[in-house]
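Morning, everyone. I have one structure to walk through, and I'll keep it quick. Here it is.

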Amino acid sequence: MTPREIIAKAWAMTKKEKQLRRWGFSSALLETLLNIKLLIYQSWFFYLYVIRGETISFFAMEELFLEYMPATAAWTLIIIIFSMVAIELVFPHFAKGAIIGLAAKSHTKQEVKGGLILALYNCVPIFIVHELFVLGGISTVITIGSLMIRYGPGGDFLMLPLGLLGFFWVFSNILQFFAAFAEEAIVIHKHGPFAAIGKSMKLIISHLGHIVFLFILLFVISLRIIINIVMILLVPGIVIGTGLLLTKFLSPTVSYTIGSILGLGMTIVASYFFAYITVFKQTVWTITYLELSQLKDLDVIDDSAENV
C-alpha cells in the first residue's frame, strides 16, 4: 500500500471501529487529566519559586491539604489523587495494546473483539519499551527539570545537569523514532521488548523510502501535541477564572466546584476529539507495520538460507 492509501484506510478504520475509539477516548482522557495535574503543580511551583522566591517540598500540595482541610477529607483526597495518577500512568499502556491488536484484526478482516485480553497480555512488554525511552517524554523532562531546580546546587552548577537532561531528551527521541514499530511487533508478532526494538529499527532503516509517509505522520503527531497543549493550558485557566469570577456572587467553595465541573466537562469533550487523533495515529503505524512486515528483508538474499 502507498502512504496515501495507508492514511485513507487508517482514517476510515478510525471512523468505523467503535471499539478502537472507546479505548482511544479512555487513554486520551486519562493522559489529559495527568497533564493538567502536572501543569497546575508546575505553575504553582513556578509562581512560588520565581515570583515569591520560595522553594516548596515534593509533597507541598499534600501538606497544604492536611493543613487547611479536615484530616479525613484531606487523606481521602490525597489517596484519590495518587490512585488516579497511578491509573493515568499505567492505563495508556493497556489501551495501546488493545488499539494495536484491534486495528490489526480490522486490517486483516478478522472479527474486531478481544480488546481487554490484548490490553492485559501486552501491557508489561509495552510498558518496558516505554520506560526505556522515558526521558523522551516532555512531561517527564519537565518534572525532572523542576526537581533539579528545586533541590539542585543552583547557580551556574545547575546548567550542566539541565544541559545533560536536554541532551538525553533529544537522544531518547531519536532512539524512540527508530523503535516506533516496537509496540506493533510486541502485540502482533509476540516479540519480547528488545527483539521488538531490533525489528523496528531494521524495518525503519530498510524502508526510509517511505519518507513522505513519515513526514505526514510526524505532522499528525505534532498537530495532536499542539492541540493538547492548548487544551491543557486552557482548561486550568477557565477553571480558575470561572472560580474567581463566581466568588463575587457565590461562596468560594461553590464557585470553585462549579469551575471544576466546567473544567472536567471541557476535558471530556476535548478527549473525545483526541481519541480520533490517537487512534488514527496508532492505526497508521499498525497498518504500515503489517504492510512492511510482508516484504522481504533487505539483508536476506537467499530465502532457503533462513531454513538451514
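One definition before we start: a residue is called exposed when its relative accessible area is over 50%, and buried when that area is under 20%, with partly exposed in between. Take Glu111. Its relative accessibility is 56%, so Glu111 counts as exposed. Keep that scale in mind. And note that this is a predicted model.

The overall picture. The protein has eleven helices and zero strands. Along the sequence, the pattern is α-α-α-α-α-α-α-α-α-α-α. There are 308 residues, and buried ones make up 38% of them.

Next, charges. Side chains of opposite charge can pair when their charged atoms come close. How many salt bridges does the count come to? Two.

Glu111 is in one of them. Its partner is Lys113, with N to O at 3.6 Å. Lys113 is partly exposed, at 46% relative accessible area.

The other salt bridge joins Glu183 and Lys96. Their closest N and O atoms are 3.6 Å apart. Where do the two partners lie? Glu183 is in helix 8, and Lys96 is in helix 4, residues 71–107. They are 87 residues apart in sequence, so this pair ties together separate parts of the chain. Glu183 has 14% relative accessibility, so Glu183 counts as buried. Lys96 is partly exposed, at 25%.

Stay on helix 8 for a moment. Helix 8 is mostly covered, with six of its eight residues buried. Those are Ala182, Glu183, Glu184, Ala185, Ile186 and Val187. Just after helix 8 comes Lys190, which takes a positive phi of about 60°.

Now a charged residue without a bridge. Glu17 sits in the loop between helix 1, residues 3–16, and helix 2, residues 18–51. Glu17 is buried, yet has no salt bridge. For Glu17, the nearest side chain of opposite charge is Lys16, and Lys16 is 4.2 Å away. What does Glu17 contact, leaving aside neighbours within four places in sequence? Ser106 and Val112.

On to the rings. A pair of aromatic rings is described by the distance of the centres and the angle of the planes. This structure holds eight such pairs. I'll show two.

Trp11 and Phe280 come up now. Their ring centres are 5.7 Å apart and their planes are at 85°, so the pair is edge-to-face. The pair links distant parts of the chain: Trp11 is in helix 1, Phe280 is in helix 11, residues 252–293, and they are 269 residues apart. Buried or exposed? Phe280 is buried, at 10% relative accessible area. Trp11 is partly exposed, at 37%.

Then Phe181 and Tyr289. This pair is tilted, with 5.9 Å centre to centre and 45° between the planes. Phe181 lies in the loop between helix 7, residues 159–178, and helix 8, residues 182–189, while Tyr289 is in helix 11, so the pair ties together parts that are 108 residues apart in sequence. Both Phe181 and Tyr289 are buried.

Helix packing. Helix 5 and helix 9, residues 193–206, pack at an angle of about 65°, with their axes 9 Å apart. Which residues make the contact? From helix 5, Pro125, Ile128, Val129 and Leu132. From helix 9, Pro193, Phe194 and Ile197. Helix 5 passes helix 9 in a right-handed crossing.

Last stop, Gly136. This glycine is in the loop between helix 5, residues 115–132, and helix 6, residues 138–151. Gly136 counts as buried, because its relative accessibility is 11% and the limit is 20%. Leaving aside neighbours within four places in sequence, Gly136 is in contact with Trp169, Ser172, Asn173 and Gln176. Its C-alpha atom is separated by 9.7 Å from that of Gly166, 30 residues apart along the chain.

That's the tour. Over to you for discussion.

Conventions:
Residues numbered from 1 in each chain as written. Predicted model: local features only at pLDDT ≥ 70, side-chain atom pairs only at ≥ 80, totals over all residues. Heavy atoms only, no water. Helix = DSSP H or I, 4+ residues; strand = E, 2+ residues; numbered from the N terminus. Buried < 20%, exposed > 50% of the residue type's maximum accessible area, 1.4 Å probe, protein only. Lys, Arg positive; Asp, Glu negative; His and termini not counted. Salt bridge = Lys/Arg side-chain N within 4 Å of Asp/Glu carboxyl O. Contact = heavy atoms within 4.5 Å. Phe/Tyr/Trp six-rings, centres within 6.5 Å; stacked < 30°, edge-to-face > 60°. Axes fitted to C-alpha atoms, helices over the stretch in contact; angles between N-to-C directions. Left-handed = near helix turned anticlockwise from the far one by under 90°.
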